[in-house]
Structure formats: structure tokens, C-alpha cells
Amino acid sequence: MTKGRLEAFSDGVLAIIITIMVLELKVPEGNEWQSLKPLIPKFLAYIFSFLYVGIYWNNHHHLFQAVKKVNGKVLWANLHLLFWLSLMPFATEWIGETHFAKNPVATYGFGLVLCAIAYTILENAIIKSEGESSKLKQAIASRFKENASIVLYVSGIIVSFIYPYIAVALYYTVALLWLIPDRRIEKTLNEN
């Protein structure tokens, strides 16, 4: 089975996720600049989540550049990732509405951990589908970024109950790790 439909479906779901998040930004009541002030936490939460969804879209695109074919397990693994990403608008709204309070920040981090785990499951399903000599297996032989991300997310969840803003900083650190698409994949593709 070809990968085109999976990629198109994933692109559509990610676009809807971003649309849902932006629709949660309501227009202020007044017409003065001061009217925007209460929206700052929501806007910051939106920027943060938009960045994350963009990172997943970008890396998902790069991931599938290394894929030749997909099977049912890859399709389900991809849906698993999309499920966790689809909860991002809820978590985004909650952290924005509560001005980054501890429980919402912990919940947001929990969602990020589950997205990271789902992405790793997707990578493993692709490798299993394509075999041990797959380009993807060669590319991600070192899983430093994946492991570091999960450690930082879990650290953020723990810290969020005491210092939620430090937890958010840890989540941003992970985003910075992944901001540039996975060069391991590009490098492996260019070598072959």
C-alpha cells in the first residue's frame, strides 16, 4: 500500500487541529489595546501549541520521506499519534484559560509525553514494516533526541506541580530540539 493517502489524511487532521485551536481565540469585548491584555495567556498557549503541531507536521513529513510502503500496523500507529495530537486544542485552551496553572500545565505535559511515545511507536511500526535494512532504521539508530524529549517532558510534569513556568520552559526546550526537522533522516536519504 502506498503512503500518499496516509500523508494526506494526516495533513488534513493536523490542519483541523490548528484551526480548532485558533477558533478558541475569541475577539475581545472592547476596542482598546487594553482589551487584548486578558488574551495574552491564551495567545501564548496558542503560539506554543501551534509550534508543537508544526513540529510534528514537519517531522512527520520528513519521516515519510524515508518510507516506501505502509501496512495496517503503520496506519494504526499513525492514527494513534493523531489521536494524542487531536487532544492538543483541549490542553491548549486549559493552560491559556487558567494562565498556566499547575494542573493544566501537568496535563499538557502528559499529552506531550503521549505524543512523543506515539511518534516512537510509529517509527518502530515503519521499521518493522520495511525491515531491518530500512532507511529509517539507519537514520534513527541513535535515539538521543527521542529519549531526551521524554525525560524532559516527564521532568516538566513533575516540576509543574511546584513551578509551572519552569515546566513550560522544559517543554519549550524539547520544542527547540525538534524545531529543525530530523537531519538524521535527510542525511541518510542523501547518502543513498
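A salt bridge is taken here as a side-chain nitrogen of Lys or Arg within 4 Å of a carboxyl oxygen of Asp or Glu. The model to which this criterion is applied is a predicted one, and the structure holds four such salt bridges. In one of them the side chains of E93 and K42 meet, with an N to O distance of 3.3 Å. This pair links distant parts of the chain, since E93 belongs to helix α4 (residues 88-97) and K42 to helix α2, 51 residues apart.

K42 also forms a salt bridge with E97, at 2.8 Å from N to O. Because E97 lies in helix α4 and K42 in helix α2, this pair ties together parts that are 55 residues apart in sequence.

| Residue | Relative accessible area | Class |
|---|---|---|
| K42 | 16% | buried |
| E93 | 22% | partly exposed |
| K137 | 34% | partly exposed |
| E97 | 47% | partly exposed |
| E132 | 59% | exposed |

K42 is classed as buried because its relative accessible area of 16% falls under the 20% cut-off.

Helix α2 (residues 40-65) also contains I40, which together with F43, L44 and I47 makes a nonpolar surface patch of about 350 Å². I40 itself counts as partly exposed, at 45% relative accessibility. In the loop between α1 (4-23) and α2 lies S35, which counts as buried at 18% relative accessibility. When its neighbours within four places in sequence are left aside, S35 is in contact with P28 and G30.

According to an unreviewed UniProt entry, the annotation "transmembrane region" covers residues 6-27, 39-57, 77-96, 108-127 and 150-180. In the model, residues 77-96 are 95% helix and 0% strand, with their end C-alpha atoms 30 Å apart. Residues 150-180 are 84% helix and 0% strand, and here the end C-alpha atoms are 18 Å apart.

As for confidence, the chain averages a pLDDT of 91, and 98% of the residues score at least 70. Confidence is highest in helix α3 (residues 72-86), at a mean of 97, and lowest in helix α9 (residues 183-191), at 71. Where pLDDT is low, the predicted coordinates should not be read in detail.

Technical notes. Residues are numbered from 1 along each chain as its sequence is written. This is a predicted model: local features need pLDDT of at least 70, side-chain atom pairs count only at pLDDT 80 or more; totals for chains, interfaces and linings use all residues. Side-chain values use heavy atoms; hydrogens and water are left out. UniProt positions are given in the numbering used here, feature names are shortened, and annotations may be inferred rather than shown by experiment. Helices (H or I, at least four residues) and strands (E, at least two) are DSSP runs, numbered from the N terminus. pLDDT is the predictor's confidence in each residue, from 0 to 100. Patches are made of residues with over 30% relative accessible area and no salt bridge: like charges are joined within 9 Å, nonpolar side chains (Val, Leu, Ile, Met, Phe, Trp, Tyr) within 5 Å. Accessible areas come from the Shrake-Rupley method with a 1.4 Å probe; for residues, only the protein chains shown count as cover. Buried means under 20% relative accessible area, exposed over 50%, partly exposed in between (1.4 Å probe, protein chains only). Contact means heavy atoms within 4.5 Å.
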